[in-house]
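Please open the model in a viewer and keep the selection panel at hand. The stops below proceed from one selection to the next.

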Amino acid sequence: MKLVWKLLRQHISIPQFTGFFLANLIGMTIILLGIQFYNDTQAIYNGEDSFMKADYMIINKKVGVLSSITGGNNAFTKGEIEDINGQPFVERVGAFTPSSFGVRASFAMNGLANMSTDMFFESVPNDFIDVAREKWHYAVGDNELPIILPKNYLDLYNFGYAQSRSLPKVSEGILGAIKLQIRITGNGHNDEYVGRIVGFSSRLNTILVPEDFMKWANGYYSDAARTKNATRIILELNNPADDRITTFVQDNNYETDKSKLDASKTTYILRVVVAIVMSVGVLICILSLYILMLSVFLLVQKNSSKLENLLLIGYSPAKVSLPYQLMSVGLNVLVFILAVALLLVARSLYLTLFESFFPDFVEPSILPSLIIGVILLIIVSVLNMIAVRQKVMAIWNKK
Amino acid sequence: MVFMQRTDIQSDIWKQDVTFEKEKLYLIEANSGTGKSSLCSFIYGYRNDYLGNILFDTDDIHSYNISKWTDMRKRHIALLWQELRLFPELTAMENVMIKNKLTGFQKKTVINSWFEQLGIDDKKDAKIGQMSYGQQQRVALIRTLCQPFDFVFADEPISHLDDQNAAIMGQILTDEAKRQGAGVITTSIGKHIQLNYDKTFKL
């Protein structure tokens with residue numbers, strides 16, 4: 001085999017193979033980086049508001065001057081909810097249920113701060129919340145109450161209150177460990193609960209408790225007559241970039257959390273951009289594969305008399321093809337390894353940035369990109385092997 | 001058997017049924033252009049532009065596939081090409097070893113002794129491209145014998161050799177064929193190895 005290689009490596013063109021090597025390396029790196037970057041950014045979009053699934057939107061009626069004066073109702077009627085549910089872009093509708101009882105919450109942190117405030121609860125159907133079921137659960141009689149807080153509250157404390165009093169800042173993780181004292185009053189009852197923060201929402205500006213608790217508490221702490229209709233509605237959308245959504249919201253004089261829609265649109269645009277970048281990568285890969293094929297063909301052509309003589313002294317076509325096949329596959333493997341190395345370097349650069357923007361960013365695995373890389377590697381290698389074999393067979397059949 | 005595009009042939013082989021047997025010595029004499037090398041190529045499976053049938057025992061070689069041909073060339077038929085088909089980039093010894101490593105047939109000592117007998121012992125590590133045609137013919141012979149065979153074909157093996165070297169070559173060729181119980185078929189356009197031929201064909 002050593003002798004065969006010594007023979008067949010004649011006429012190998014270093015510039016051609018360097019050209020292939022670089023082109024394939026660039027293509028492969030772009031593809032891998034594209035996939036990885038998309039995965040990583042998805043983790044940000046999903047991670048920031050993990051309990052709110054991707055394509056949701058919240059709408060409410062506009063509070064106008066007239067309704068303030070007349071005390072007009074901002075609640076959605078049954079007919080309106082059905083109308084919304086019938087829209088083609090809506091998958092599901094869930095109503096926010098407001099609490100109709102008094103809530104007072106306080107929390108203490110080793111005596112550093114002692115905040116106490118009147119507040120309210122709302123709930124949405126459990127399906128709309130992406131927190132693990134065992135965390136987002138309330139059974140009547142439980143003393144512990146899971147709560148989702150708006151991210152704003154945390155910012156208010158960290159950048160307002162703590163700043164002004166030189167108190168330590170707290171992260172979501174630390175706050176999650178803190179128990180809130182919650183006093184609920186109404187309908188002649190007065191009970192104490194322990195609130196446990198299971199998540200923070202930056203888009204959902206309300207204090208959420210499980211719907212099970214809300215249903216029971218609204219009956220227990222207030223008279224049924226006072227139970228109100230929903231003033232806010234959560235929608236699951238099948239395509240957040242749908243134009244009809246904006247039109248519908250405007251026509252009915254509703255309001256929506258624009259940022260949520262914008263984020264969805266950003267995700268969509270990001271997806272398109274990544275797809276474009278990746279197709280460029282794929283194109284470069286195909287072109288580089290073409291270069292490799294041409295180089296190998298040229299090599300086989302230049303060495304055709306040697307290959308023929310090897311076949312004539314008893315070497316099988318498989319044995320004669322093997323050196324060039326190994327060479328192409330070796331090059332491909334080398335390209336793959338280098339591309340992964342480049343991917344890791346590039347990723348560490350942008351991950352530092354991500355982590356400074358989003359402290360709670362959890363690094364997704366690089367496994368999906370690696371798997372796709374390996375699949376590409378196999379496809380390209382198999383194509384190379386088939387091409388070499390066919391060229392050798394052409395020499396065999398020349399007779 | 002006959003060339004596809006020729007009809008006016010007077011020959012002991014073309015348009016005849018000919019049988020070669022193992023353990024016998026054959027000489028095919030011919031003028032150039034009458035198809036010695038073509039005959040070798042046909043039998044070796046390198047060309048198939050002929051009419052008729054070539055049978056090994058009872059197998060028609062038309063039916064041989066790639067692996068069968070590879071096996072034939074590795075173990076059953078040895079051919080010393082008129083154009084030698086050596087690799088000019090490799091040394092004499094490398095040219096021999098590229099075959100012997102494939103078959104693993106001849107011992108290194110045997111190969112060395114052939115190099116000595118043929119007087120090219122000092123050329124083992126010389127590149128083929130730098131050797132004379134006569135020297136190359138001797139290297140090609142050694143390479144041809146580095147495999148088991150039932151028949152060995154030598155296509156004008158001594159065209160560039162002096163009588164003494166031709167005799168040594170004939171000796172090595174027939175000794176190895178006898179050892180393997182194989183048939184020998186040599187061709188010539190005039191000058192041929194002086195051997196005790198069982199049969200001579202006029203092509």
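In what follows, pLDDT is the predictor's confidence in each residue, from 0 to 100. Helices (H or I, at least four residues) and strands (E, at least two) are DSSP runs, numbered from the N terminus. This is a predicted model, in which local features need pLDDT of at least 70 and side-chain atom pairs count only at pLDDT 80 or more, while totals for chains, interfaces and linings use all residues. Residues are numbered from 1 along each chain as its sequence is written, and chains are lettered from A and ligands numbered from 1 in the order in which they are written.

**Confidence**

The model scores ipTM 0.91 and pTM 0.67. Colour chain B by pLDDT: the mean is 89, and 96% of the residues of chain B reach 70 or more. Among the elements of chain B, the lowest mean pLDDT, 54, belongs to strand 1 (residues 2–3), and the highest, 95, to helix 4 (residues 108–117).

**The sheet of chain B**

Next, select strand 2 (residues 25–29) and strand 8 (residues 183–188) of chain B, which run parallel and are joined by five bridges. Leu25(B) has Val184(B) as its bridge partner, and Ile28(B) has Thr187(B). Strand 7 of chain B is also joined to strand 8 of chain B by five bridges, again in the parallel sense; here Phe153(B) has Ile185(B) as its bridge partner.

Two residues are in contact if their C-beta atoms, placed from the backbone, lie within 7 Å.

Then select helix 3 (residues 92–103) of chain B, whose axis comes within 8 Å of that of helix 5 of chain B and crosses it at roughly 20°. The two helices are therefore roughly parallel to each other (angles under 35 degrees count as roughly parallel, over 145 as roughly antiparallel, 65 to 115 as roughly perpendicular and the rest as oblique). Show the side chains of Ala92(B), Asn95(B), Val96(B) and Lys99(B) in helix 3, which meet Val139(B), Ile142(B) and Arg143(B) in helix 5. By class, this contact has four nonpolar, one polar and two charged residues (Ala, Val, Leu, Ile, Met, Phe, Trp, Tyr, Cys and Pro count as nonpolar, Asp, Glu, Lys and Arg as charged, and the others, Gly among them, as polar).

**The interface**

Display both chains. In the interface, 15 residues of chain A are in contact with 20 residues of chain B. On the side of chain A, the elements that give two or more residues are helix 1 (2–8) and helix 10 (304–312). Helix 1 of chain A gives the most, with four residues. The residues on this side of chain A divide into eight nonpolar, four polar and three charged.

**Strands of chain A**

Five bridges join strand 2 to strand 10 (residues 232–237) of chain A, and Val93(A) stands opposite Leu235(A).

Move to strand 9 (residues 189–201) of chain A, which pairs in the parallel sense with strand 7 (residues 144–150) of chain A over seven bridges. Strand 8 (residues 179–186) of chain A is joined to strand 9 of chain A by eight bridges, and these two run antiparallel. Their hairpin has two residues between the strands, and Asn187(A) takes a positive phi near 55° there.

**Helices 11 and 12 of chain A**

Finally, select helix 11 (residues 317–357) and helix 12 (residues 367–397) of chain A, whose axes come within 9 Å and cross at roughly 160°. That angle makes helix 11 of chain A roughly antiparallel to helix 12 of chain A. The residues of their contact divide into 17 nonpolar, eight polar and one charged.

Notes:
Two strands pair if DSSP finds at least two bridges between them. Axes are lines fitted to C-alpha atoms, for helices over the stretch in contact, and angles run from 0 to 180 degrees between N-to-C directions.
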